[in-house]
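The structure comes first, and the notes follow.

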Amino acid sequence: MILAAKRAPTIDAAGRAGAGSVHDSRAQRVEARWRLAARLLLAVTLVVIVVTFRDYGMTWDEEHSATNGKYWIDWYSSWFTARSILSEDNQRLYGSFFNGISRLIADRSPLGLYESGHLVTALTGWLALWGANWLARRLMGARAGFFAVLILVLTPGWYGQTFNNPKDVPFATLFLLSLGAILAAYRSLPRPTTRQTLLIGVVIGLALGVRVGAIVLVGCYAWLFACWAIARAREDPAYLRRALGADIVAFSRSWAGALLTAWLVMLPWWPYAQRRPFVNMWKALRAIAHFEYVAPTLYDGALVGPAELPWHYLPRWFAITLPDFYAVILPGVALALVFDRLRSRKDEPQRHLQSQLLFVLVAMLGLPVVAILTHAVMYDAYRHFLFVLPLLAVVTGCGLSWLLDRPFVWLKVAVAAPAVVLAALTLTDMVALHPFQSVYFNRLHGGLSAAFGRYETDYWAASHREGVEWLAAHYRQEAPAHSIRVTSSAGERFAGYYIRAGGDRLQRFVTVEPDRDADVVLSITRWNLHQKYPGRIVHTVERMGVPLLYVIEMHAPAAAEGESVRTANH
């Protein structure tokens, strides 16, 4: 990416306005207003999170994460004799930094296990908004920071999962903050300060304490130095033979210090790594890289096994679920870059800003590209690559802010006007989908209705909470206690958690396992599970006319006169 140098007012790569002129003084005031706007947006988003977090249902991974947190607590409270975290299922493959803290809070919270987890996860996702603002502001100023926050808030695939994705949201947040800490050392290269080195090590260590894949961040720190050295070499061709070797040695000290710090920070959160630090970490990396997942996924209208998914699975999921305004802003920025270079060949480019943007772009795209090239196991859309979304919001926000400073009025209008309209439509869709923003599909590809039957929708199985709420309010309220047997096609716990927590209003229900004879079945549409239950559909949890969950009555008296009867497999 080539960005021509600004004339006046000047904003440096750290997002600070220059001083000493009327133009710079005005720029400082403008910067202050954009910083205030970002803070207000962050505050409003925080209020919305606190008000709405109870609306979100539990998901597949939440029990696994809550159990991991409990086992981590047991590991220490038993003085390392409780070994479930090492032996049960695949718990040993995951660090417990987020899970342990979330479980400690949940065990002391009056909200309930999963409700507490939703709040902690959402606050972690909110921290990513702060991180996006911080990173974009460092790159391109306060306006870019505001745009980055706004774009990320209006990305439904991110916003919806920030409430109930306890694996990918914490990792994405710490990945973003790690890159921010790394980038903050750019101006001090090749000899970052001790404080900068420690900060980088601590944040990377916490990311490793969530997921072992964060080891790539150590490589990202080395990549930052490479980007810096490239910029130096472009400024001074003699740099490579004159000073590069000494700078590599100087930087290596900081890199090694960050690696050691990260390792020490990681160990308390990962009992498996404590046993045999190097060997077990390598084993975990190999196990995650070859993760055993055999369930088919709905892709382009067919159920396809993970090993048979085409290379374009991941790119297409991003293409059909990113809000439409991305498809306006990013091409507009690319076009402006071309025009800007054609008209300003004599301008000196901002080489160090280019290097920092190159660093972010490679950090954002590196893992997805490697996963595609190596045919890594993929499923559940792009959730394992959720860390891309905050970085994409940063890049898009920086690009939009830069575009608005270009002299191409026609292009700015052609981008800004439809982007505002499309952003407003996206917000409207998010409100209509609440609390299932994660099932959003963009209008460019026909929206949710066009995706139904072709792609996964509620693959999280988060719609059970709403299904149980309907039972409480509408289904056979005069029935005696424990007389109605309920199950879920996704597993007893999805209905059981809410029924057991519902008190008197759900006393008439008792849950059974899916293979037991049930009176009522709550069935998601994933894998066409609802077709296994040929009963009477008494209610449908839906959004935008698309069913997410069926409430199916298996045993009941004959339908009342005039009552519509449907079967679940029609």
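## H8 against H17

Helix H8 (residues 168–184) packs with helix H17 (residues 351–373) at an angle of about 155°, their axes being 12 Å apart. H8 and H17 are therefore roughly antiparallel (an angle over 145 degrees), and their crossing is right-handed. H8 brings Phe 175, Leu 179, Ile 182 and Leu 183 to the contact, while H17 brings Gln 356, Phe 359 and Ala 363; contact means heavy atoms within 4.5 Å. Six of these residues are nonpolar, one is polar and none is charged.

This is a predicted model, where local features need pLDDT of at least 70, side-chain atom pairs count only at pLDDT 80 or more, and totals for chains, interfaces and linings use all residues. Residues are numbered from 1 along each chain as its sequence is written, and side-chain values use heavy atoms, leaving out hydrogens and water.

## H8 against H10

With helix H10 (residues 216–235), H8 packs at an angle of about 25°, and the axes are 10 Å apart. That makes H8 roughly parallel to H10 (under 35 degrees). The crossing of H8 and H10 is right-handed. Phe 175, Ser 178, Leu 179, Ile 182 and Leu 183 of H8 meet Val 216, Leu 217, Cys 220, Tyr 221 and Leu 224 of H10. The residues of this contact divide into nine nonpolar, one polar and no charged.

## Arg 536

Arg 536 lies in strand S6 (residues 536–543). Its relative accessibility is 15%, so Arg 536 counts as buried (under 20% relative accessible area, with a 1.4 Å probe and protein chains only).

Conventions. Axes fitted to C-alpha atoms, helices over the stretch in contact; angles between N-to-C directions. Helix = DSSP H or I, 4+ residues; strand = E, 2+ residues; numbered from the N terminus. Parallel < 35°, antiparallel > 145°, perpendicular 65-115°, else oblique. Left-handed = near helix turned anticlockwise from the far one by under 90°. Nonpolar A, V, L, I, M, F, W, Y, C, P; charged D, E, K, R; others polar. Buried < 20%, exposed > 50% of the residue type's maximum accessible area, 1.4 Å probe, protein only.
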